[in-house]
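Colleague: I am new to this structure and would like to learn how to read it. Could we take the sheet and then the core?

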Amino acid sequence: MRLRELHIKNLNSLYGEYHIDFQNEAYEQSGIFAITGPTGSGKTTIMDGICLALFGSTPRLERLSASSNDIMSKGEGECHAKLVFELKGTVYACEWNQARARKKADGKLQAAKHIISNVTDDKALATTLSQTPRVVEEITGMDFDRFTRSMMLAQGKFGAFLKAKADERSPILEQITGTQIYSDISKEAFEKQKLEQEKLKELKLATENLQVLTGE
């Protein structure tokens with residue numbers, strides 16, 4: 001999954017509209033980059049925008065609804081997040097938005113909208129709050145929980161990992177990345193190999209007791 005563009009508007013402390021073009025030459029040449037700034041400057045809000053566009057939820061907030069929206073910048077009448085990403089040669093656009101009545105700060109909060117479309121084929125894939133996250137999961141292979149654990153390191157998790165003893169780091173890393181399934185596969189493979197070795201041992205003992213007939 002490769003991020004191409006992020007558009008956000010009126011999320012938390014980031015008032016107004018912002019556009020991040022991850023295909024910009026500066027990102028392409030640098031390869032690795034960092035988002036820096038003082039506390040409260042909006043670094044985590046960028047991550048919130050990505051999650052909001054994909055799943056209609058963020059690591060810091062519960063799923064937003066028509067009666068509750070703590071991510072909309074205070075004093076504003078609308079907010080949105082749109083993410084364009086590429087996966088296996090296909091480009092998708094996922095957008096979440098919510099507004100108050102007449103887009104006024106004192107207006108009643110309206111129902112949110114969540115859409116995902118196939119940009120390559122110019123086709124809408126899902127247009128409802130319940131369907132869109134499911135389609136995102138089908139396309140990416142990750143639900144909200146797996147995405148936030150594997151793509152975004154939750155605050156506090158990294159510190160726990162660094163301070164952990166050597167034999168404690170493995171389960172913490174599995175919890176962060178959601179890769180416990182590979183440990184389970186490894187254990188099953190070991191048990192199966194052990195069982196097959198026992199079968200082979202029994203076959204060898206059986207063949208050793210066989211009496212080969214003479215040519216006559």
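Modeller: Keep in mind that this is a predicted model.

Colleague: In what order do the six strands of the open sheet come?

Modeller: The order is β2-β1-β3-β4-β5-β6, with antiparallel pairing. At the edges are β2 (14–21) and β6 (123–126); each has a single partner strand, so one side of each lacks a neighbour in the sheet. On average, neighbouring strands are turned by 15 degrees against each other, direction ignored.

Colleague: How many bridges join β1 to β2?

Modeller: Six bridges join them, and β1 covers residues 2–11.

Colleague: Now the core. Why look for a group of nonpolar side chains?

Modeller: In soluble globular proteins, such side chains tend to be buried together. Here the largest nonpolar core has 32 residues, and those touching the most other members are Leu6, Leu11, Leu52, Leu54, Leu83 and Phe147. Two or more residues each come from β1, β2, α2 (43–55), β3, β4 and α3. Helix α2 gives the largest share, seven residues.

Colleague: Which residues is Leu6 in contact with, leaving aside neighbours within four places in sequence?

Modeller: Its contacts include Tyr18, Ile20, Phe22, Ile46, Ile50 and Leu83. His19, Gly49 and Lys82 are also in contact with Leu6.

Key:
Residues are numbered from 1 along each chain as its sequence is written. This is a predicted model: local features need pLDDT of at least 70, side-chain atom pairs count only at pLDDT 80 or more; totals for chains, interfaces and linings use all residues. Side-chain values use heavy atoms; hydrogens and water are left out. Two strands pair if DSSP finds at least two bridges between them. Helices (H or I, at least four residues) and strands (E, at least two) are DSSP runs, numbered from the N terminus. Axes are lines fitted to C-alpha atoms, for helices over the stretch in contact, and angles run from 0 to 180 degrees between N-to-C directions. A nonpolar core is a set of buried Ala, Val, Leu, Ile, Met, Phe, Trp, Tyr and Cys residues joined through side-chain atoms within 4.5 Å. Buried means under 20% relative accessible area, exposed over 50%, partly exposed in between (1.4 Å probe, protein chains only). Contact means heavy atoms within 4.5 Å.
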